Amino acid sequence: MVDRSLSLFEFILFINDMRKILFILLLACLAVSHVQHIRAEQTDADSRRLSLRQGNFVLVVPEAECGPVRLAAETLCRDFEKVMGCRPVIKAAPDAGTGKDIYIVVVNDATPGSGSLLTRDKALDGFESHRMYCDAASRRIFLRGKDMRGTIYAIYAFSGQMLGVPPLWYWCDWQPEKKRRIDVPASLDYYQPSPTVRYRAWFPNDEDLFVPWRRKSRENNELWLETMLRLRLNTVEHTATVTTGGTLSREAMLYKKYGLVLTSHHMVALNNSFANWDSYWKKVRHTAPPALSVKDTASLREFWQYSIDAVKNSGVENLWQVAFRGKTDQPFWTVFGDAPKDDAGRAEVINRMVRMQYDMICRSTGESNPFVRMTFYDEISSLLAKGLIQPPTATNMLWTFVAGRRDHYPYDDLVAWQNTGHVKLGYYMNLQFFSTGAHLAPAEGPWKMEANYRYVQGKGPLTFSVVNAGNLREFLMELSANAAMMWNSKAYDTDRFLLDFCATYFGKEHAAEAAALYREYYEAYWNQKKSDFPGGMDRQYVFQDLRHAQVIRHISECWDRFSPNPLKEIGYESVPGRTYRIEGGNQVDSLLQGMRKEMEAFGRVAARCDELQKRLATGKQAFFYDHLGAYAHYMAHVSRCIYHFVHAYKYKDGQAGDLSVALGELEAARNALLKSEHGVFRGWYDTDDKFDMRGKINTLRHLLEKAQ
């Protein structure tokens, strides 16, 4: 018989083994408990959000919804496809099924029956207010607007905040951050009350680059309108849009497609211009055109009534403009043979004609108090400043003042005016200017824009705003700043806006440095005259790039006849001396001093831009160069060109050397811009005819050949 009893030593080993086994079992139990706790926490967390994944969500757009909202919804589907690789299905209503799907529900309070889709109601404000909020219990996300545009803004707010699509995506070489899921917190409640300014407009003008670019593709032609809506703008200013077919132009109908308001250029009355006077009588009335006469009110009324009816026939949402000017951007007395010769007589005619137009609008629309604007531009502004213009008055009649021509600040008419009648105001500000302003590079800056609008708002409630921005691409940051201020003027601050802008497009870690470079860029421009605005205005007078171009043109025309003041007035200039506004009695010496300082300042900015660009994320470098670095290099080279060109004009010794440098600098300026031509912007500068870089280069080559 075998003895199976354990020795003391063996018993102790057995007990230790059992302890180890029990300890391992305890750890295993604790681990299972911890995993179960984590899973419980995750389940609880999931109940506080809606996670959008491929195939588990649907976009709901009611069948009765209007075209512009449907277009925005389709755009949102496109954005989902770019970010998640899938396009959600669009349905007219949620399915009455298992409730597994998540529904992103578009609700336009102005569309009958849309409120039935709400499982959770939240208050909205007045026009264009919008809200984006979540009802996790019903698995619904609501994109809701008080009206058509409010709903569109809610859709684009979701795209921007949840999908990460920035407003300038088409312009900034944006590449989406790919996501397998998008978590929408149950607490989501983004709300925007009605905007500060009712009508917020862009005016593309002097479109030598923009129009040919638009013709290249449907996207180029239309997506700038999508950009406006993403920035929460709502109005496009355009020239005459009335056709001889009794409706409005294709361009105006495009604005209707996107849900934007149409308004008219300051030389256009009732969406038509006297430039179309002859074609109306020939093609519509099949008769010889009567001569333009201030006494022939019957013919004028007929022409204007046809224009009003064309607007009504089109169905375009229109902000009316009353005006009485010439066939182009000139006073009416340049084309009316029987116009009075004195200011008082001319003002009396203008007063009578715009009153007639206003009354016709009221009768034709059936509205007793329609929104109508009158723009005080150039000669109208001067006559208003003299107290001779008396615009129509009504609570929705918008007196639209204009920043001074060539240099952009509140003009004398507004400064002298007291709003004793408590009228609503409009303001027209140039970020560029046809012949002497910024054109191929921005120059005015968002701080100056804010100063202008703060001054206007001190005079009365601002109801209409328009910024003239040429070809648009050069002014994207300034236009974005204006859009932000017009939406919520009370909260807007340029420094804060610029930090946010730079964080969005260049990365949060580089935002402060990029914002500081923007400030240095604008401050590098030569301010050729000290501020004389009441209370002062920073950078009131700026020597923009087209002024540089005019220096080459005017001095080359008198190259062999030296004058210390070779620059002359250009175009129709009703205020003597404002074309250049160079202080001092010697333009040449002032230019040499100003350009020396300017070229050094822009050179420093360009170098710092190059250094920062290298440190940006790869996907953000192109837009940084395109929208700041390129312009800094361009202006550094242009100002060096002007310095050596003017130096060659004054000092004949070494003239060929100076001209050779000037030519090289202008070619380098053009090359700096051409480096930004990529993607959809290939060939952007091919049609430049405002600066006319090729023509100016040829001028310098010709002068250099003569000097050698």
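I began with the lining of the largest pocket, whose residues divide into 18 nonpolar, six polar and five charged (nonpolar being Ala, Val, Leu, Ile, Met, Phe, Trp, Tyr, Cys and Pro, charged being Asp, Glu, Lys and Arg, and polar the others, Gly among them). I note that the model is predicted, that local features need pLDDT of at least 70 and side-chain atom pairs pLDDT 80 or more, and that totals for chains, interfaces and linings use all residues. Residues are numbered from 1 along each chain as its sequence is written, and side-chain values use heavy atoms, without hydrogens and water.

I then looked up the extent of the largest pocket, which holds about 930 Å³ of space (a pocket is an open set of points on a 1 Å grid over the protein atoms alone, where a 1.4 Å probe fits, with protein on both sides within 12 Å along at least five of seven lines, and lining residues have an atom within 4 Å of a point; a volume is the space filled by probe spheres set on the points, which are joined across faces, edges and corners). Its lining has 29 residues, and Pro-167, Tyr-190, Arg-230, Arg-232 and Ala-484 lie nearest the centre.

I turned next to the second largest pocket, with a volume of about 590 Å³, and found 30 lining residues, of which Asp-206, Arg-405, Phe-433, Phe-434 and Ser-435 lie nearest its centre. By class, this second lining has ten nonpolar, eleven polar and nine charged residues.

Finally I checked for disulfides (pairs of cysteine sulfur atoms within 2.5 Å) and counted zero. The sulfur of Cys-134 is too far for a bond, because the closest cysteine sulfur, in Cys-86, is 18 Å away.
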